[in-house]
There are 2 protein chains.
Amino acid sequence: MGSAEDVVVANKKVLLKHFIPSGAPKETDMELVTTGTIRLRVPEGSTALILKNLYLSCDPYMRSRMTKHEDGSYVDDFVPGEPIAGFGVGKVVDSSHPGFKIGDYAWGMTGWEEYSLITDPKLLFKIHHTEVPLSYYTGILGMPGLTAYAGFYDICSPKEGERVFISAASGAVGQLVGQFAKQLGCYVVGSAGSDEKVNLLKTKFGFDEAFNYKKEPDLTKTLKRYFPDGIDIYFENVGGSMLEAVLYNMRLKGRIAACGMISQYNLEIPEGVRNLFLIIGKRIRMEGFLVFDHYGSYLEFEEKVVQLIKEEKIKYVEDIVEGLENAPVALVGLFEGRNVGKQLVAVAHE
Amino acid sequence: MGSAEDVVVANKKVLLKHFIPSGAPKETDMELVTTGTIRLRVPEGSTALILKNLYLSCDPYMRSRMTKHEDGSYVDDFVPGEPIAGFGVGKVVDSSHPGFKIGDYAWGMTGWEEYSLITDPKLLFKIHHTEVPLSYYTGILGMPGLTAYAGFYDICSPKEGERVFISAASGAVGQLVGQFAKQLGCYVVGSAGSDEKVNLLKTKFGFDEAFNYKKEPDLTKTLKRYFPDGIDIYFENVGGSMLEAVLYNMRLKGRIAACGMISQYNLEIPEGVRNLFLIIGKRIRMEGFLVFDHYGSYLEFEEKVVQLIKEEKIKYVEDIVEGLENAPVALVGLFEGRNVGKQLVAVAHE
């Protein structure tokens, strides 16, 4: 194990200025602070490590952390005035934790800053494969990838030949769910918010069909067109009126894996779903899940998906913004659907 | 096997006059016809039987059959001008079906009339226990009983000590679910629509707590009061705003068995449920079910529950209306919550 230089360096950060009770986050809700510094050596007697942040992930669930929850939430609220927290990939520059040594790469919960002192490294996973792009560990090989894997295989109970619909399908999770479903021999349709994304789904990710939901005046009819015999599995990323349209089109004993409801996160009053009675007659199972419950499958998942990547049996598209100073615009763009593929921020490449 | 007298007798019927697109059913939507007759012998060469109807069941799902479904439904729509169909208990007065002989008692799908020709006896179950009241086979020993049994044990995945909430809890299904849950050592709270019903839940059925939802201005707060640590299992019979309030109060990994949504059946525009995003963070499983999928468990269920009745380990309350001519008012009353306990109609007692 090497020893870190005991130096103090500049450490730019992106802070959340204040909680956002409702509405879409704006760039002005965040602030770039360039005056901070950090000592690149872990405190004596700690089991901490210092991570040089390389890639930071923009994920829909982060919206929830920008709102103050009086009763708590499944993840901690952000702390106004502190750096935004999120998943990222970094290089260990000092460590007193037995699981990590200087030079290791890791992914997990870190801060929106150049260097982070990680006092609780159990929220980090060691990266075992540096022969694939490290940025993949914010997506296909990280939290969104495991979300897709666990959500599809564990929650959807999929069978060969079943009819699968995925919303927000070109996003970090959706594009993988669709490819897992195709590998299993399912019929797969995805929705997305631009023709460019729709094109990507059909040409790059091998979806059987895809449509731009913004161009469809009646989603119930649209789904009927793509699923004349109904939907067996819905991988839910958006919620609201799309969920209502899906319920009308579900088949008997269909399954809905509720992964996210991004269409609702910024609304002051969320849309109501009016046809839930259909889950009775159709015997539908709808189940929410969080990737945190599936971390135990991570190593198995990492090996399997690295192999698929090497064999070019799985495709992956990233939308990389360069520079920590552009992180706020990237996050804001995610909620406007501006990204094409997995949204991430490159803070440094090495 | 005896032989039936070849006689023709009068056969009063209750018809559905027309489909009811929305709103509550009214007595004037039905008609008592007293001019019909029936020959009490099955047709030559058939495998039919003739049932003398003793008890007819009024059940919430019947509302759905009064609406015309262009795309079909999980049960057939009623046929305007024909007798209403429903669950009932009867005595076999002629049979050419090998499974039934004259004098047998049976329960299952029959007609709202004095005698029914049952051409498809696979929808009938033979009654094995005439030492308990025959009317029980419209409720605790029939479809609602099996609904409660399968819904609670198979769909709710209950564990000892869990916190269980049941809506429409004094109804045919709810009163049994609550008692099954108490037998398992759960904490059980029920809601109902009158103080009389609430009293019944607490004094007769042994619920830990019960409340009159009509007297509660804020159901979310009401549930918080009865479940300060949240709800593990919700047995859903009503839907709408109650479901919304429940979702706010569910615990992590809670389960919702969706059995019915009676509050929504008569609404032209059902209420929307606006907080479904909670099922993600709380990892809630919500599952619809129909008793028809659980008929394979019926014999096991019948033996178990007959035993519980004989040992007085289970309580049961019926609301019996006398006479076929009063069947429409009984059914209408069900949707107004006028019944106390299982609503049924006695056409004849033997």
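**Symmetry and interface**

Modeller: A rotation of 180° with 0.0 Å of shift along its axis brings chain A onto chain B, at an RMSD of 0.0 Å; the superposition is by least squares on the C-alpha atoms of residues with pLDDT of at least 70 in both copies. The two copies are therefore related as by a two-fold rotation axis. This is a predicted model, in which local features need pLDDT of at least 70 and side-chain atom pairs count only at pLDDT 80 or more, while totals for chains, interfaces and linings use all residues. Residues are numbered from 1 along each chain as its sequence is written, chains are lettered from A and ligands numbered from 1 in the order in which they are written, and side-chain values use heavy atoms, with hydrogens and water left out.

Biologist: Which residue of chain A comes closest to the rotation axis?

Modeller: In general, two copies of a chain are related by a rotation about an axis and a shift along it. Here Gly272(A) comes closest, its C-alpha lying 1.9 Å from the axis.

Biologist: How many residues are in contact between chain A and chain B?

Modeller: Contact means heavy atoms within 4.5 Å. By that rule 27 residues of chain A touch 27 residues of chain B.

Biologist: What is the area buried between chain A and chain B?

Modeller: Buried area is the accessible area (1.4 Å probe) that two parts lose on being put together, summed over both. For chain A and chain B this is about 2,500 Å², with 66% from carbon and sulfur atoms. Arg274(A), Ile280(A) and Arg283(A) supply 26% of what chain A buries against chain B, more than any other three residues.

Biologist: How many salt bridges does the rule find across the interface of chain A and chain B?

Modeller: A salt bridge is a side-chain nitrogen of Lys or Arg within 4 Å of a carboxyl oxygen of Asp or Glu. Four cross the interface of chain A and chain B. In one, the side chains of Asp293(A) and Arg283(B) meet at 2.7 Å, N to O.

Biologist: In what sense do β15(A) and β15 of chain B pair?

Modeller: Strands (E, at least two residues) are DSSP runs numbered from the N terminus, as are helices (H or I, at least four), and two strands pair if DSSP finds at least two bridges between them. β15(A) and β15 of chain B, residues 285-288, pair in the antiparallel sense over three bridges. Within this pairing, Glu287(A) has Arg285(B) as its bridge partner.
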